[in-house]
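Dear colleague,

Please find below the structure for your review. My notes on it follow directly after.

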Amino acid sequence: MSSHIGDNSAAARNRAPIYEALGPRLSPGARVLEIGSGQAVHARYITAQRPDIVWQMSETPAGMATLCNSLDREPITSQPAPITLDVRKAWPTSQYTMIFGANVAHIMPMAAVQALFEHSAPALAAGGSLCLYGPFFDIQQTTGVGNQRFDTALRARDPAMGLRTRQALDALAEAAGLVPAACEVMPQDNRLLIWSKDDAS
């Protein structure tokens with residue numbers, strides 16, 4: 001199962017606001033691991049703005065052909081070749097400044113979301129950040145109608161899918177040794193959730 005469901009147009013719409021939010025957190029020479037790169041929309045856009053950073057694209061085994069086809073049509077020659085990554089299995093041994101995923105948490109089964117947090121913590125350098133963008137529920141706030149409908153549609157398609165609550169993700173982060181750093185409001189009822197790895201970790 002690919003980590004994206006026909007979201008290329010959404011990625012194109014949201015790439016600029018995502019970069020505006022992530023940009024200040026990308027130190028010179030930052031190393032980023034993107035979870036579920038889709039058609040490389042974010043990789044292409046952000047590295048064009050920040051050629052100094054290293055952006056490691058990844059996709060699930062099922063999604064790799066789509067990613068590679070996109071890169072064949074429009075190569076990103078200045079960045080590493082994409083890697084196949086099932087978040088529940090072995091991860092690369094490199095250390096990253098940031099791990100980023102757009103619209104992946106509601107597509108993955110919850111066991112994979114848990115694995116994402118568990119593997120992110122050791123893969124992050126001290127002071128690094130895990131950043132997830134997408135629609136999320138918040139038990140302390142009224143849920144928008146659009147997100148309710150989206151969640152219902154996802155669960156009808158596959159009961160393992162569905163929007164996750166910020167509080168559930170915070171609990172996974174805490175168990176993995178990451179701490180909440182930001183919850184930024186984004187366009188179209190999305191959020192950018194950020195957890196950080198303590199400098200002393």
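Helices (H or I, at least four residues) and strands (E, at least two) are DSSP runs, numbered from the N terminus. This is a predicted model, in which local features need pLDDT of at least 70 and side-chain atom pairs count only at pLDDT 80 or more, while totals for chains, interfaces and linings use all residues. Residues are numbered from 1 along each chain as its sequence is written, and side-chain values use heavy atoms, with hydrogens and water left out.

Phe137 lies in the loop between strand E6 (124-134) and helix H5 (145-157). Phe137 has a relative accessible area of 16% and is therefore buried (under 20% relative accessible area; exposed is over 50%, partly exposed in between; 1.4 Å probe, protein chains only). Beyond its neighbours within four places in sequence, Phe137 is in contact (heavy atoms within 4.5 Å) with residues including Asn147, Asp151, Leu163 and Arg166.

The whole structure contains 3 aromatic pairs (ring centres of Phe, Tyr and Trp, the last by its six-membered ring, within 6.5 Å; planes under 30 degrees apart are stacked, over 60 edge-to-face, the rest tilted). One of them joins Phe117 and Trp195 edge-to-face, at 5.0 Å centre to centre and 80° between the planes. This pair links distant parts of the chain, with Phe117 in helix H4 (residues 110-123) and Trp195 in strand E8 (residues 190-197), 78 residues apart. Both Phe117 and Trp195 are buried.

In H4, the buried residues include Ala112, Leu116 and Ala123. The buried residues of H4 pack against elements including strand E1 (31-35), helix H6 (166-176) and E8.

Yours sincerely
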